[in-house]
Amino acid sequence: MSKRAVESCRNGSLIQFINCRILYRGAIVLDDLWVRDGKICNPEQIFFDEKVQADLKIDCKNLIISPGFIDVQINGGFGHDFSSNVEKLDGALKYVAKGILAHGVTSFCPTIVTSPSEVYKKALPKISAKQGGSHGAEIIGAHIEGPFINAEKKGAHNPEYITVPTKDAVRGVTEIYGSLDNAAMVTIAPEIDGALEAIPHFVRNNVIVSIGHSNANLLEGEEAVRRGATFITHLFNAMAPFHHRDPGLIGVLTSNVIPKYAFYGIIADGIHTHPTALRIAYRAHPKGLVLVTDAIAAMGLPPGEHLLGTMKVNIEKNRATLVGTNTLAGSIVTMKECLRHFRKAAGCSTVEALEAATLHPAQLLGIENKKGTLEFYSDADFVIIDDEFNIHATFISGQPVYIYENGYMNHVADICI
């Protein structure tokens, strides 16, 4: 832990959260949580070195304190799409970042789906990392989903803009995206021409490589992992189905080439992934499971027709499909709903469900020293929830940024806001 992070707990107002159950090191424990200057504090330092009392005590009434949720794949929400109107992207980012606070998300990766090159070149400079706060959840960086995908597994992506990196992978990537400075992750199909050559280029530029929208066989998936891929985009969806003679990308979950930290996304909305398939993935590689919403602009909106990038989608009976087809087009689920469905379908513990939305995505992104955890000196981004994952309060840097008006934490609004 950095000296600066440790020092941040030595000055400023000291807040003590009492009567709470805390998600800490793989268990939910009865303890207090201490926060100062936006960081989680070590109580031993307070008790034995400083010998001071808290400036403020907040009663959590036996609710759970969990790290804030991290969504690494979200296309938009509340009527705003990140790919369809780049000129209004700044406003869309602000609106969605603010809206997802009510669902416990404190950090996210805005996702740009397969689009024309000029869209990437205009959009990516606008998706720079931005600290979270009362204005909205923290932006970690963009998730670029396409256009280097397999047209046979395009899902809701517009086939008109699907392409390959070309033999000169570095040049091909630059021609499509421009700068990768604000890219946190890219989804690519490893079997298409130039993809395997492009993966090391992304890795060298500190971009996480995810394999998805793909017909790759197991060997192609394993080769992508050897070259630096560490994630699988929305497992089971937009990829070749499991077959006993060639399990495809699904087989990567139990492959011998898998590194210590290799992860896969799951859309646990009860529509994209059957409960049995979800259980299979969870039992095969529980430490790699990352809950994602893959939410589109229609999240939080009534049924009707909406945009996803350049494609029109229809919302009916909690399903989003391309207009005129039965093709699923992302979800309208929130992260707290994913948690509920995942725990029920997988039969996992509350801790395992929460870590799939907190610790695992932080590990994937390489930010587990400050996000996705309540370790001492980490960022004080957390949610106060009940046993059904209802959000009673959301905090970023130790400050309340959302309080459920009819929940048990109303007194926090009186004290802090």
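This note goes through some local features of the structure, point by point.

1. The structure is a predicted model, in which local features need pLDDT of at least 70 and side-chain atom pairs count only at pLDDT 80 or more, while totals for chains, interfaces and linings use all residues. Residues are numbered from 1 along each chain as its sequence is written, and side-chain values use heavy atoms, with hydrogens and water left out.

2. Two packed helices are described by the angle between their axes and the distance between the axes. Helix α5 (residues 169-177) and helix α6 (residues 195-204) have axes that come within 8 Å and cross at roughly 65°; helices here are DSSP runs of H or I with at least four residues, strands are runs of E with at least two, and both are numbered from the N terminus. The axes are lines fitted to C-alpha atoms, for helices over the stretch in contact, and the angles run from 0 to 180 degrees between N-to-C directions. The two helices α5 and α6 are therefore roughly perpendicular to each other, a term for angles of 65 to 115 degrees, where under 35 counts as roughly parallel, over 145 as roughly antiparallel and the rest as oblique.

3. Which residues of α5 and α6 make the contact? On the α5 side they are Ala169, Val170, Val173 and Tyr177, and on the α6 side Glu197, Ala198, His201, Phe202 and Arg204, where contact means heavy atoms within 4.5 Å. Sorted by class, this contact of α5 with α6 has 6 nonpolar, 1 polar and 2 charged residues; Ala, Val, Leu, Ile, Met, Phe, Trp, Tyr, Cys and Pro count as nonpolar, Asp, Glu, Lys and Arg as charged, and the others, Gly among them, as polar.

4. Another helix pair can be read in the same terms. The axes of helix α8 (residues 275-284) and helix α9 (residues 335-346) come within 8 Å and cross at roughly 80°, and α8 and α9 are therefore roughly perpendicular to each other. Here Pro275, Leu278, Arg279, Tyr282 and Arg283 of α8 meet His341, Phe342, Ala345 and Ala346 of α9, and the residues of this contact divide into 6 nonpolar, 1 polar and 2 charged.

5. Helix α10 (residues 350-357) is largely enclosed by the rest of the structure, because 7 of its 8 residues are buried. Buried means under 20% relative accessible area, exposed over 50%, and partly exposed in between, with a 1.4 Å probe and protein chains only. The buried residues of α10 are Thr350, Val351, Ala353, Leu354, Glu355, Ala356 and Ala357.

6. Turning to the strands, β17, β18 and β19 form an open sheet of 3 strands in the order β17-β18-β19, with antiparallel pairing; two strands pair if DSSP finds at least two bridges between them. Strands β17 (304-308) and β19 (319-322) stand at the edges with a single partner strand each, so one side of each is left without a neighbour in the sheet. On average, and with direction ignored, neighbouring strands of this sheet are turned by 35° against each other.

7. Strand β17 is joined to strand β18 (residues 311-316) by 5 bridges, and Gly304, which has its place in β17, stands opposite Ile315 in β18. Is Gly304 buried, partly exposed or exposed? With a relative accessible area of 23%, Gly304 is partly exposed, and, leaving aside neighbours within four places in sequence, Gly304 is in contact with Val313, Asn314 and Ile315.

8. Strand β15 (residues 263-266) is covered on both faces, with Phe263 and Gly265 on one side and Tyr264 and Ile266 on the other, all of them buried. In a regular strand the side chains alternate between the two faces of the sheet. Strand β14 (residues 231-232) runs parallel to β15 and is joined to it by 2 bridges, with Phe263 as the bridge partner of Phe231. Strand β16 (residues 289-291) also runs parallel to β15, through 3 bridges, and there Tyr264 stands opposite Leu289.

9. Some single residues deserve a look. His392 lies in strand β21 (residues 391-396) and counts as buried at 5% relative accessibility; its contacts, not counting residues up to four places away in sequence, include Leu63, Tyr402 and Met409. A cis peptide bond, with omega about 5°, joins Gly146 and Pro147, and Pro147 has its place in the loop between β11 (142-145) and α5.

10. Asn19, in strand β1 (residues 14-24), has a phi near 55°, a positive value in a residue other than glycine, and counts as partly exposed at 44% relative accessibility. Asn206, in the loop between α6 and β13 (208-211), has a positive phi of about 60° although it is not a glycine, and at 67% relative accessibility Asn206 counts as exposed.
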